[in-house]
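Have the structure open and follow along as each residue comes up.

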Amino acid sequence: MAQVELIMPKMGESIMEATILKWLKQEGDPIEAEESVLEIATDKVDSEVPSPVDGILSKILFEEGDTVEVGKVIAMIETAASAEAGTNSPSNSQETSPATDLPQASVSQIVEEEPQVQESVAKTRFYSPLVMNMARQENIGMDELEKIEGTGKDERVTKRDMLQYIESRKTAKTSKPIEQQPQTIATPQTPQPPHTKPIEVPQVQPPTPKTPVPPRITPPKVDTGGNVEIVEMDRMRRLIADHMVMSKQVSPHVTSFSEIDMTDIVNWRNKTKDAFQKREGEKLTFTPIFIEAVTMALKDYPLVNASVDGYKMIVRKDLNIGMATATPSGNLIVPVIHNADHKSLVGLAKSVNDLANRARTNQLKPQEVQGGTFTLTNVGTFGSIMGTPIINQPQVAILAVGAIRKKPAVMETKYGDVIAIRHLMIASLSYDHRIVDGALGSTFLNRVKYYLEHFDVNRVI
């Protein structure tokens, strides 16, 4: 009987595997096309995998918690069309193609019999292309790679295993690099074809690391006795914890602060928000206004929109602004507004609301949490007046905006200085001191302040 293979989808350019969190359907359950079959997770985003066809889930090939490579078959679906064809006209089963009514882009392969799932046994472990590339970049030989403890399925080495090993690797190993192992050195007796250069064998020497790796820090032992409750971190919280620790180890953080007068923007928004929501069906928050000011300041100071690669500064031409969003579980995710400088304030408001809503309901697509060049976090949403945010690697800066509060402030007028009630907000910029010095960081922050304080109160959107 014909079966349709359900394939582990590719969730991003650099993502080679995903973990099965939960099967939403069980063997024997009917499935409609585009109906979610299972939930999966990568180091970027959680997502649901839909069925490409109508049918019945006939076989599940992996269990919850298994980590599966991209492109592997994870389940088999028996289509209703194939079942009817097999019952009503068995003599014509060889002539009728069950794939004619199926979306070709979604169906990987249709087979006549259920595939036999076999695990190949090799002398060494399987290594994904991502792990092999990381090993080559760090000059890790095969014998050294074999010694790395793998936490993936069948003790496979994952990306996280490699990152942890590279951080703890203090001295260069003496084993041959991976790219050297399959090479053979040409001897003087071996004739060379005309106009062919002899093979050059690079000298094996300790590589110069792109970024200095600090010594591994052993955390203090924690006493778990007494009146305590031990709560295991969920997968997302573990990823956040690892990412934050990595960022502090990689970048020397510096934070600058500025107080911004938001009075004109507050009054303009109060006057505009009701009409805007009635016309556009969207709420008008402060976030799109902040993002607009950030994009204008990044155009003035492009080095803040950059990354560091060893001793190279990678200046990004695209302005992709990430907005830190809290999820109902208490975790944090950063959806990205790509090419934010190409959007109007209305477009930014729609993008902000859409991404924030789908982030809270776990419906973001992988590409919507990738490619950020600068991050904005609104700590004022939770009542904080300021914050010292941690840089979202591999970016070099992140802006935190605090709560907008009414405060007395001194204002200069043509009649002299006066004290007035103003809406004030403290903004803080954390930046990577490797390429952003205090002068640049403070100047950029003051440029954001300038654009917010000189907002056009007669603006119509």
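What follows is a guided tour of a predicted model.

Let's begin with helix α6, residues 263–280. At 1.5 Å a residue, its 18 residues should span 26 Å, and the end C-alpha atoms are 24 Å apart, which agrees. Along the way, α6 bends by about 40° at Thr272. Just after the helix, Gly281 takes a positive phi of about 70°.

Which residues of α6 are buried? They are Thr263, Ile265, Val266, Trp268, Arg269, Thr272 and Phe276. An α-helix has 3.6 residues a turn, so residues three or four places apart point the same way.

Leaving aside residues up to four places away in sequence, Thr272 touches Leu284 and Ile461.

Now for the aromatic rings. How many aromatic pairs does a search of the whole structure find? There are four. One of them joins Trp268 and Phe455 edge-to-face, with 4.9 Å from centre to centre and 65° between the planes. This pair links distant parts of the chain, since Trp268 belongs to α6 while Phe455 lies in the segment after α9, 187 residues apart. Both Trp268 and Phe455 are buried. Another pair, Phe286 with Phe290, is stacked, at 6.3 Å centre to centre and 25° between the planes. Phe286 and Phe290 are both buried as well. Arg269, one of the buried residues of α6, comes into this picture too: the charged end of Arg269 sits over the ring of Phe286, 4.6 Å from its centre.

From here we can turn to the nonpolar interior. In soluble globular proteins, nonpolar side chains tend to be buried together. The largest nonpolar core here has 55 residues, and Met262, Phe374, Leu399, Phe444 and Leu452 touch the most other members. Helix α8 gives the most to this core, with eight residues. Apart from it lies another core, of 20 residues, including Val37, Ile40, Leu57 and Ile60.

Let's finish in the loops. Thr388 is found in the loop between β17 (374–378) and β18 (397–401). Is Thr388 buried or exposed? With a relative accessible area of 55%, Thr388 is exposed. Even so, Thr388 touches Thr255, Phe257 and Ser430, not counting residues up to four places away in sequence. The C-alpha atoms of Thr388 and Ala427 are separated by 9.6 Å, though these residues are 39 apart along the chain.

The loop between β17 and β18 also holds Pro394, and the peptide bond from Gln393 to Pro394 is cis, with omega near 5°. For background, most residues other than glycine have a negative phi, and most peptide bonds are trans. Two asparagines have a positive phi instead. Asn339, in the loop between β16 (336–337) and α8, has a phi near 50°; its relative accessible area of 28% makes Asn339 partly exposed. Asn362 has a positive phi of about 60° and lies in the loop between α8 and β17. With a relative accessible area of 37%, Asn362 is partly exposed too.

Terms used:
Residues numbered from 1 in each chain as written. Predicted model: local features only at pLDDT ≥ 70, side-chain atom pairs only at ≥ 80, totals over all residues. Heavy atoms only, no water. Helix = DSSP H or I, 4+ residues; strand = E, 2+ residues; numbered from the N terminus. Expected span 1.5 Å × (residues − 1). Bend = angle between axes of the 7 residues up to and from the residue. Buried < 20%, exposed > 50% of the residue type's maximum accessible area, 1.4 Å probe, protein only. Phe/Tyr/Trp six-rings, centres within 6.5 Å; stacked < 30°, edge-to-face > 60°. Lys NZ or Arg CZ within 6 Å of the ring centre and 35° of its normal. Core = buried A, V, L, I, M, F, W, Y, C linked by side-chain atoms within 4.5 Å. Contact = heavy atoms within 4.5 Å.
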